[in-house]
Amino acid sequence: MKSSALTWPTINLLVMRRWKVPARFTARVVMPLSFAGGLLLPSNAAWGLLCYVLLLPVVLARLARGWRPDWRDYNFSAMLVLCVWSSLAILWDHNISGQGNGHGYWALNAACTFAFLLCFKMAETDAPGSRERAITVMISAGAVNALMSLGMFLLSGDLDSRMKGWGAAQNPVLGAAIMDICLLLALERVVQRGRARRYYLVAMVPMLLYLLFSYSRMPLLALGCALSIIAFSNWAVFRRVAVAGLCVLLAAGVVWLLKPGLAEMFVQNLLARGTDCHLTIWGTAWQLIVSNPIVGYGPSARLPILPHGFCPAYPSPHNLYLSLLLYSGVIGFLLFWVCELQLFWHLRRNARGFSARLWLAVMVIPLVGGLSDLTQVIKGPSPLWYIIWVPMLLVMSMRPKRKT
């Protein structure tokens, strides 16, 4: 009698029938849409719908056909291992405050994050130009997002408050970190793209204005650290950065002339928040980490802090490194740094001169910006894809230029 057990070919066939994807929706097409979706669509919910309808089915169908990543690509493998460990933390999840999201929510977030990483790798494997296409999409969508955010802010007339952006940039701190990355990508094109550089220089202006009106201090510090790495390494680069900065100052001067006293208000808003209760949040997070340091508490852990002053109710640790320790323990923390060190080594082997310094600067943005607000590495679709994973993916996919 023949066994009725399902074999892998049968399972693959069932998956392919269940997720029928039109031939035109390939990873090469869906990857740029996923990159642009968070910056152009009005909310994370709309971006999430795009991922559920396109990203997940395309990746699942491709996996069902037998595609697998090359595990000898140690950079990408390290990123997947970090995701796997952070996802496994769902199994021992501790909802400390009783306010965290459920296991199903985090499982879906983890699945989308895996799909995002795999889709980029699939597109890179299928089409060598996918990396450059992804950079172009990031710059274009970032400039459009910054313009839309600034337009809504000016039309609201509420110029004495922090600007709330559009889509994935609605949170001013996370939005500013995204603009940092888009700005540096545009700077690379300004230096390397000949006649087209003027368009990228223009695209940098709204991004810089977004940074000014977001009143986000840590992303500004991160950008300062990044520019200090590259701006003084080459006089031509310094001139272009200076020109972009002057354009922003002129544009800001026009805006401030339209509303007298705006400069004073800008400084007051920048300083009024004090520490934003970060010291209390970090202290509470550290006490919990010390109690369970090895594997962490899982993604649902939110700090048992009631709202007071600038402190939100039941916050996350508001720090990338404390978040790694709280959610996935010392193991997750070390896996993150394995990813970063592997990518630093990869960058050193595959880039020279200005290119090496610029991509090092891109990697610095989440490392410095993460001191204030970054949280879950498996959360997505979310702004953290742009801040944590996109720099990793773009550095991972760098290849040495062929000599002609």
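Of the 404 residues in the protein chain, 53% are buried, where buried means under 20% relative accessible area, exposed over 50%, and partly exposed in between, with a 1.4 Å probe and protein chains only. The model before you is a predicted one, in which local features need pLDDT of at least 70 and side-chain atom pairs count only at pLDDT 80 or more, while totals for chains, interfaces and linings use all residues. Residues are numbered from 1 along each chain as its sequence is written, and side-chain values use heavy atoms, with hydrogens and water left out.

Let me turn to confidence. The predictor's confidence in each residue is given as pLDDT, from 0 to 100; the protein chain has a mean of 83, and 79% of its residues reach 70 or more. Over residues 1–6 pLDDT stays under 50, and the model has one contact for them beyond four places in sequence, a contact being heavy atoms within 4.5 Å. Residues 11–16 also stay under 50, with seven contacts beyond four places in sequence. Where pLDDT is low, the predicted coordinates should not be read in detail.

As to the overall fold, the protein chain has 15 helices and zero strands; these are DSSP runs, numbered from the N terminus, with helices (H or I) of at least four residues and strands (E) of at least two. Among contacts with a separation of 6 or more, 80% join residues 24 or more positions apart.

The structure holds zero disulfides, a disulfide being a pair of cysteine sulfur atoms within 2.5 Å. Cys83 is in none, and the nearest cysteine sulfur, that of Cys339, is 8.3 Å away. Cys83 is buried, at a relative accessible area of 0%.

The structure holds three cavities of 30 Å³ or more. On a 1 Å grid over the protein atoms alone, a cavity is a set of points where a 1.4 Å probe fits but cannot get out, and lining residues have an atom within 4 Å of a point. The largest cavity has about 60 Å³ of space, a volume being the space filled by probe spheres set on the points, which are joined across faces, edges and corners. Its lining includes Ser86, Pro299, Tyr327 and Gln376. Helix α13 (residues 320–350) gives the most to that lining, with four residues.

Note on methods. On a 1 Å grid over the protein atoms alone, a cavity is a set of points where a 1.4 Å probe fits but cannot get out, and a pocket is an open set with protein on both sides within 12 Å along at least five of seven lines; lining residues have an atom within 4 Å of a point.
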